[in-house]
Amino acid sequence: MPVESGNSAAARQVKQKRKSHSLSIRRTNSTEQDRPGMQRDMLEGQDSKLPMALRSNLLDLFGQIEREFENLYIENLELRREIESLNERLAGEGQTVDGGDLSKGALKTKASHSTSQLSQKLKTTYKASTSKIVSSFKATTSRAVCQLVKEYVGHRDGIWDLAVTRVQPLVLGTASADHCSMLWSIETGKCLLKYAGHAGSVNSIKFHPTEQMALTASGDQTAHIWRYMVQLPLPQPPADISASLDDDVDFSDKDEADGEAEGPNECPTIRVATTTLKSHQGVVIAADWLVGGKQVVTASWDRAANLYDVETSELVHTLTGHDQELTHCCTHPTQRLVVTSSRDTTFRLWDFRDPSIHSVNVFQGHTDTVTSAVFTVGDNVVSGSDDRTVKVWDLKNMRSPIATIRTDSAVNR
């Protein structure tokens, strides 16, 4: 008869001791009304140096986690039943269809597509629930307090990008899905100029480093360069309290009329670009000026980035290598460097500092779409991804990130 060794006996005693002191969060068949009393009994029956209120709060949080995962488990079972039912039905249809491999292939494709949809639904539900759990734990942490300072109202659809001019006068530029780009007075929130030369969504806007020119990228497969001249409105004088009631009514009527008007006096409109760059075969998702402002780079869903000469509009280089659509591009503020990001989970660093050699480095630090990668004023690159992380890289040593920030959801920009 085998004899239990001293080590195994000690391990078994530790295991039993640990089990007797573990915090049980299993669900019982008791009613919800019995839970508070049970929780108090469980807390009182355990030795702990934590305050009772904190222990009670932790127990409530564990209960929330248990309920969330129970709901996920039930949904998972239902989805599995749907998948099994679908597979049985498709298998039955496959047996009754004559004519061979082509029909079976179509059925297999249909089954695969349906299963993929169900799997995606399960994945989305799981991510949403786990994010909710993580957020509940973070509810007690301190948060930055922000307040609305100014609103810029005028676009008729979503705003994809914004930028501030680098030269005087300082104005805000926005790019919108309503096919327009607008320039705004930062102080007053008034629209100063509208550019309506694109035939598709305006996806990005960047200003020339030294001149009053803007670069916009669009879903119409082009990038436009256009000049602007704006005059900032004078500060509004304080309202005259002694104004008569009739004057107040007149001003009110005038404001309503102005709000409804869209004439050139209200917001001047430019409809023709100074330069049109059109070599892409897909949506141009982003564009930026290289240092000096004599060349621009564009990024497109056709998996390529293009380098153009501003004066001649000629295509200088086509930057290829990404396996999927590009999502963003950015240029270094003081050097001839370009970084492009893509849905292929990589971002690439293109070096144009030496006119005779154009080198490229590929970085695979993310596990999902890299939504953007940008240069900082220093020698860093910051990349954001759908894998819920932001990573900071040192240009002098890009082998691994120097910092990783984990978030609750995908990073857009």
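## A walk through the chain

The chain has five helices and 21 strands; both are DSSP runs numbered from the N terminus, with helices (H or I) needing at least four residues and strands (E) at least two. Keep in mind that this is a predicted model, where local features need pLDDT of at least 70 and side-chain atom pairs count only at pLDDT 80 or more, while totals for chains, interfaces and linings use all residues. Residues are numbered from 1 along each chain as its sequence is written, and side-chain values use heavy atoms, with hydrogens and water left out.

Let's start with the whole chain. Of its 413 residues, 35% are buried, where buried means under 20% relative accessible area, exposed means over 50%, and partly exposed is in between (1.4 Å probe, protein chains only). The chain exposes about 26,200 Å², and carbon and sulfur atoms supply 52% of that area; accessible areas come from the Shrake-Rupley method with a 1.4 Å probe, and for residues only the protein chains shown count as cover. If you take the contacts (heavy atoms within 4.5 Å) with a separation of 6 or more, 46% of them are between residues 24 or more positions apart.

Now go to His-155, in the loop between α4 (101-137) and β1 (159-164). His-155 counts as buried because its relative accessibility is 15%. Its side chain makes a polar contact with the side chain of Thr-174 at 2.7 Å, and another polar contact, of 3.0 Å, joins the side chains of His-155 and Asp-178. A polar contact here is a pair of N or O atoms within 3.5 Å; within protein, one must be able to donate a hydrogen and the other to accept it, and residues adjacent in sequence count only if both atoms are side-chain atoms. Leaving aside neighbours within four places in sequence, the residues in contact with His-155 include Ser-176, Cys-180, Met-182 and Trp-184.

Next, the aromatics. A search of the whole structure finds seven aromatic pairs. Phe-207 and Tyr-228 make an edge-to-face pair, because their ring centres are 5.8 Å apart and their planes sit at 75 degrees. For the cut-offs: rings of Phe, Tyr and Trp (its six-membered ring) pair if their centres lie within 6.5 Å, with planes under 30 degrees apart counted as stacked, over 60 as edge-to-face and the rest as tilted. This pair links distant parts of the chain, with Phe-207 in strand β5 (residues 202-207) and Tyr-228 in the loop between β7 (223-227) and α5 (245-260), 21 residues apart. Phe-207 is buried at a relative accessible area of 3%, and Tyr-228 is buried at 2%.

The rings of Phe-347 and Phe-363 are stacked, because their centres are 5.1 Å apart and their planes at 25 degrees. Here, too, the pair links distant parts of the chain: Phe-347 is in strand β16, Phe-363 in strand β17 (residues 357-363), and they are 16 residues apart. Phe-363 is buried at 9% relative accessible area, and Phe-347 is buried at 1%. Back at the other pair, Phe-207 and Tyr-228 also belong to a cluster that ring pairs build together with Tyr-195 and Trp-226.

Phe-347 leads us to our last stop. Its C-alpha is 9.3 Å from that of Cys-329, 18 residues away in sequence. Strand β14 (residues 326-331) is mostly covered, with six of its six residues buried. β14 pairs with strand β15 (residues 337-342) in the antiparallel sense over five bridges; strands pair if DSSP finds at least two bridges between them.
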